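Student: Could we go through this model together, one term at a time?
Tutor: Gladly, let's look at it first.

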Amino acid sequence: MGRAFEYRKARKFKRWGQMSKTFTKIGKEIAMAVKSGGPDPHANGRLRAVIQNAKAANMPKDNVERAIKKASSKDQEDYKEITYEGYGPHGIAIVIETATDNHNRTVANIRSYFNKLGGSLGTQGMLDFMFDRKCVFRIPAEGVDIEELEFELIDVGGDEVDLDEEASELVIYGEFTAFGAIQKFLEEKGYDIRQAEFERIPNDTKELSEEEAAEVDKLIERIEEDDDVQSVYHNMR
């Protein structure tokens with residue numbers, strides 16, 4: 001298994017743990033996708049991907065349609081995607097992706113979490129060298145020749161395919177800028193894209209004791225509880 005797959009599996013997607021919170025986050029993603037590319041999923045690849053993720057999260061179709069309709073109206077909040085970076089306890093690097101309609105509120109909250117739980121908020125871009133940004137797709141594994149698929153994906157920016165045996169899915173990783181090309185390739189080949197998103201994979205991970213890891217987890221969980229936070233990445237093993 002590749003480094004990206006092992007890291008991703010270890011994280012277990014804690015941020016998707018609460019159903020209502022998951023739907024709120026997907027709603028924000030729909031709003032931003034519609035804002036950037038329009039309400040028609042056939043003409044908006046980003047929106048198609050979000051709808052696929054909504055389906056994977058068991059978000060009701062009515063909720064998705066309402067979110068798209070609201071995103072097309074004047075009542076929709078204008079969300080901005082802002083990334084925050086800092087160090088948690090014991091030097092663990094933490095990158096936080098947010099979708100917010102109030103930057104001042106969000107940065108104040110994020111800074112308070114770091115200050116109260118043993119970390120420090122840094123400057124944007126300071127941790128870029130520690131993480132690789134990847135696009136990630138999940139498709140059913142049944143009947144697919146992994147080696148042949150990996151070879152075909154090279155031409156569109158794919159660089160790794162791993163088997164998630166537990167979910168019977170193939171996890172495809174590609175360059176951050178190759179999202180559209182990989183999505184188009186998979187759709188044209190008739191693959192069922194069950195999930196499509198971006199990940200930040202650490203170039204190196206840091207091992208902590210059980211007690212030290214618990215301190216970091218406490219900070220990460222507090223950050224993930226914030227309504228403006230979409231994703232949290234770190235380099236703790």
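**Helices and sheet**

Tutor: Helices α5 and α8 are roughly antiparallel to each other. Bear in mind that this is a predicted model, where local features need pLDDT of at least 70, side-chain atom pairs count only at pLDDT 80 or more, and totals for chains, interfaces and linings use all residues. Residues are numbered from 1 along each chain as its sequence is written, and side-chain values use heavy atoms, leaving out hydrogens and water.

Student: Why are α5 and α8 called roughly antiparallel?
Tutor: The axes of α5 (residues 103-116) and α8 (residues 210-224) cross at roughly 165° and come within 10 Å. Angles over 145 degrees, on a scale from 0 to 180 between N-to-C directions, count as roughly antiparallel, so the term applies to α5 and α8.

Student: Which residues of α5 and α8 meet?
Tutor: I110, Y113 and F114 in α5 meet L219, R222 and I223 in α8, where contact means heavy atoms within 4.5 Å. The residues of this contact divide into 5 nonpolar, no polar and 1 charged; Arg counts as charged, while Leu, Ile, Phe and Tyr count as nonpolar.

Student: How do you know that β5 and β6 pair?
Tutor: Pairing takes at least two DSSP bridges between two strands, and β5 and β6 (residues 169-175) have 6, in the antiparallel sense. One of the bridges joins V161 to I172 in β6.

Student: What makes β5 and β7 edge strands?
Tutor: The open sheet has the order β5-β6-β4-β7. β5 (158-164) and β7 (195-202) each have a single partner strand, so one side of each is left without a neighbour in the sheet.

Notes. Helices (H or I, at least four residues) and strands (E, at least two) are DSSP runs, numbered from the N terminus. Angles under 35 degrees count as roughly parallel, over 145 as roughly antiparallel, 65 to 115 as roughly perpendicular and the rest as oblique.
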